[in-house]
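Let's take a friendly walk through a protein model together. Have a look at the sequence and the 3D view before reading on.

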Amino acid sequence: MIRRELSGSPAAERRAQTRALLSWYDSHRRELPWREDSSPYHVWLSEIMLQQTRVEAVVGYYRRFIAALPDIASLAAADEETVLKLWEGLGYYSRARSLQRAAVMVMEQYRGKLPPDPAELRKLPGIGEYTSAAIASISFGAAEPAVDGNLLRIYARAALYRENIRTPAAASAARAYFKERMTSRPGDFNQALMDLGATVCTPPPRRPDCASCPWSAHCASLREDPSGETAAELPVMPDKKARRKEHLTVLMLYMGNRILLRKRPPKGLLAGLYEFPNLPGELSGEEVTEAVRSMGLSPLRVRGAGSARHIFTHKEWEMSGYEILLADGPVPAGLIAAGREELGERYAIPSAFARYVEKLSSIVVE
Ligand code: SF4
């Protein structure tokens with residue numbers, strides 16, 4: 001049994017909770033490249049990259065991005081293709097575009113420096129409640145809880161909050177709870193909670209490791225049920241909507257040593273990125289041959305390139321691929337003929353097509 005009896009006033013308990021969390025952080029903090037300093041640009045970039053993405057996946061991207069665009073001025077001056085290329089594979093590309101638009105605004109309206117005030121930060125594209133609080137607390141020492149899924153989960157368990165956690169009321173209750181306890185080192189306090197949520201008070205299917213938690217003596221759900229069962233069942237989530245499934249037939253069109261690509265529309269899913277041309281539905285080889293002819297191309301050989309699946313937040317793509325060897329001829333409007341080396345250096349292809357990009361390197365066109 002982990003529970004320990006506490007004595008003293010609620011204020012004394014809150015102070016003890018703050019001390020316990022910060023001292024746990026001092027000995028257990030994760031060493032991450034963006035923690036080497038707390039410059040606003042580094043915190044901002046890392047927080048944007050970390051949205052919807054695992055820390056381990058972000059580390060390499062972060063280092064590469066900082067090496068290529070080391071400050072806000074270089075990000076603002078870079079062309080969009082360069083930024084998207086650095087982002088290639090991270091997904092949610094609108095984040096990269098907003099980041100760059102915000103960098104331009106910072107250069108033009110804030111003399112090249114991110115403002116310390118969270119309300120000012122939120123005027124910049126892509127910066128909402130969470131990111132503004134993270135930057136303001138870590139870089140400028142403001143007492144602003146950065147409430148994301150991790151903090152909501154910790155809050156639901158530590159405060160025994162049994163309502164639906166995905167509501168504005170839950171978010172403001174969580175913010176108030178943490179703010180009351182954020183009485184020293186606000187940046188470290190937020191980062192400690194991020195680490196606690198990632199390594200100790202973890203989401204299902206991992207059970208929270210209450211025995212290692214600095215808040216085990218302060219946690220209301222553990223106090224109510226020392227077995228940890230109640231804690232593991234929190235937070236209460238709304239029923240998830242099923243993801244919409246879409247079937248696509250992906251065309252890998254080879255013309256000599258080049259592959260034909262298409263640029264996606266400037267708005268919507270994967271906006272402005274390059275893709276293998278694709279058609280809705282699951283087409284047979286004959287249907288693919290017909291469709292390719294109707295694009296004004298002359299297929300010489302069509303063969304299957306395997307299936308792949310990609311999961312987005314609200315939809316799922318089930319893809320079947322075909323490799324199509326084409327006769328030489330003019331490239332139809334709307335398509336681009338890219339050399340293989342250009343695929344690596346120039347055209348950003350989203351990871352949804354990773355299976356087919358991988359295939360390219362192993363294909364020998366006879
Ligand atoms: S004691 Fe357990 S449930 Fe409570 S905050 Fe810590 S890890 Fe989470």
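## Around the ligand

How many residues surround the ligand, and which are the closest? There are 14 of them, and the closest are Cys201, Cys210, Cys213, Cys219 and Ala231. Here a residue counts as near a molecule if its C-beta atom, placed from the backbone, lies within 6 Å of it. This is a predicted model, in which local features need pLDDT of at least 70 and side-chain atom pairs count only at pLDDT 80 or more, while totals for chains, interfaces and linings use all residues. Residues are numbered from 1 along each chain as its sequence is written.

Helix H9 (149-158) and helix H12 (220-224) each give at least two residues to this shell, and H9 has the largest share, with three residues. Helices (H or I, at least four residues) and strands (E, at least two) are DSSP runs, numbered from the N terminus. The shell has eleven nonpolar, two polar and one charged residues. In this grouping, Ala, Val, Leu, Ile, Met, Phe, Trp, Tyr, Cys and Pro are nonpolar, Asp, Glu, Lys and Arg are charged, and the others, Gly among them, are polar.

## Two domains

The protein chain is divided into domain 1 (10-233) and domain 2 (244-362), with bounds from an automatic or database domain assignment. Taken over C-alpha atoms, their centres are 37 Å apart. Seven residues of domain 1 are in contact with seven residues of domain 2; contact means C-beta atoms, placed from the backbone, within 7 Å.

## Two crossing helices

The axes of helix H1 (residues 10-28) and helix H11 (residues 186-199) come within 9 Å and cross at roughly 70°. That makes H1 roughly perpendicular to H11, a label for angles of 65 to 115 degrees. The axes are lines fitted to C-alpha atoms over the stretch in contact, and angles run from 0 to 180 degrees between N-to-C directions. Among the residues that meet are Trp24 and Tyr25 in H1, and Phe189 and Ala192 in H11.

Most residues other than glycine have a negative phi, and most peptide bonds are trans. The peptide bond from Pro204 to Pro205 is cis, with omega near 10°, and Pro205 lies in the loop between H11 and H12.

Arg111, although not a glycine, has a positive phi of about 50°. Arg111 is exposed, with 8 other C-beta atoms within 10 Å; exposed means 12 or fewer such atoms, buried means 20 or more, and partly exposed is in between, with C-beta atoms placed from the backbone.

Methods: Two residues are in contact if their C-beta atoms, placed from the backbone, lie within 7 Å. Angles under 35 degrees count as roughly parallel, over 145 as roughly antiparallel, 65 to 115 as roughly perpendicular and the rest as oblique.
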